[in-house]
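Morning, everyone. I have one structure to walk through, so let me put it on the screen.

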Amino acid sequence: MRTIEILLVEDNPADVMLTEEAFEEARIANRLHVARDGVEALEFLRQQGNYQTAPMPDVILLDVNMPRMNGLELLAVLKADPELRRIPTIMLTTSRAEADVWRSYDLHVNAYIPKPVSVGEFFEVVRTFETFWLAIVALPPHNSP
């Protein structure tokens with residue numbers, strides 16, 4: 001089984017560290033890449049600047065509230081881009097605002113996961129994510145038909 005490439009778009013260092021720890025315990029081989037905002041994520045996805053050898057991620061985990069380009073703005077760009085719109089994109093955010101949930105699904109997000117409050121619950125969410133998205137779901141191949 002190949003290594004799953006995950007792009008985490010998150011500006012909070014504590015949340016990045018927690019997510020890295022949770023995915024280190026994953027049963028499925030994965031490589032977690034981090035972009036600090038939507039602008040950096042687009043550079044990663046388009047292999048620009050410091051990301052010219054960046055792999056195409058299998059899944060994107062996206063926060064809503066970030067500087068420069070927030071998660072909803074990035075999601076709109078991703079879903080309008082024929083090269084990027086097939087990458088499953090999951091909102092993983094502290095925002096529980098109904099407007100953010102509605103807007104995310106209007107922009108064709110694949111799932112919206114509010115971040116749990118406790119560390120134990122967060123690890124359980126990551127294990128559930130891993131089981132569903134990395135073990136059960138057929139992810140789109142990287143080469144277009």
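A definition before we start: two strands pair if DSSP finds at least two bridges between them. Helices (H or I, at least four residues) and strands (E, at least two) are DSSP runs, numbered from the N terminus. This is a predicted model, in which local features need pLDDT of at least 70 and side-chain atom pairs count only at pLDDT 80 or more, while totals for chains, interfaces and linings use all residues. Residues are numbered from 1 along each chain as its sequence is written, and side-chain values use heavy atoms, with hydrogens and water left out.

Start with the sheet. It is open, has 5 strands in the order S2-S1-S3-S4-S5, and pairs them in parallel. Strand S2 (30–35) and S5 are at the edges with a single partner strand each, so one side of each has no neighbour in the sheet. From one strand to the next, the twist averages 20 degrees. Axes here are lines fitted to C-alpha atoms, for helices over the stretch in contact, and angles run from 0 to 180 degrees between N-to-C directions.

Now the pairings. S1 and S3 run parallel, joined by 4 bridges. Leucine 7 sits opposite isoleucine 60 in S3. S3 and S4 also run parallel, with 3 bridges. There, leucine 61 is opposite isoleucine 90 in S4.

Is S4 mostly covered or mostly open? Mostly covered: 5 of its 5 residues are buried. Buried means under 20% relative accessible area, exposed over 50%, and partly exposed in between (1.4 Å probe, protein chains only). Thr89, Met91 and Thr93 point one way from S4, and Ile90 and Leu92 the other. In a regular strand, side chains alternate between the two faces of the sheet.

Next, the cores. A nonpolar core is a set of buried Ala, Val, Leu, Ile, Met, Phe, Trp, Tyr and Cys residues joined through side-chain atoms within 4.5 Å. The largest has 24 residues, and Leu7, Val9, Leu45, Ile60, Leu62, Leu74 and Met91 touch the most other members. S1, helix H2 (38–45), S3 and H3 each supply at least two residues of this core. Another core, of 23 residues, lies apart from it, and includes Val16, Val59, Ile90 and Leu134.

On to the helices. H2 lies across S1, S2 and S3, at about 155 degrees to S1. Helix H5 (residues 119–136) has 18 residues and spans 25 Å from first C-alpha to last, close to the 26 Å expected at 1.5 Å a residue. That expected span is 1.5 Å times one less than the number of residues. Buried residues of H5 include Phe122, Phe129 and Trp133. Its buried residues pack against strand S1 (4–9), helix H1 (13–24), S3, strand S4 (89–93) and strand S5 (111–114).

Last, two residues. UniProt, in an unreviewed entry, places "modified residue: 4-aspartylphosphate" at Asp63. UniProt positions use the numbering here, feature names are shortened, and annotations may be inferred rather than shown by experiment. Where is aspartate 63 found? In the loop between strand S3 (59–62) and helix H3 (71–80). Aspartate 63 is buried, at 5% relative accessible area. Leaving aside neighbours within four places in sequence, its contacts (heavy atoms within 4.5 Å) include Glu10, Asp11 and Thr93.

Serine 104 is in helix H4 (residues 98–106). Serine 104 is buried too, with a relative accessible area of 0%. Beyond neighbours within four places in sequence, serine 104 contacts Leu72, Leu75, Met91, Val109 and Tyr112.

Conventions
Contact means heavy atoms within 4.5 Å.
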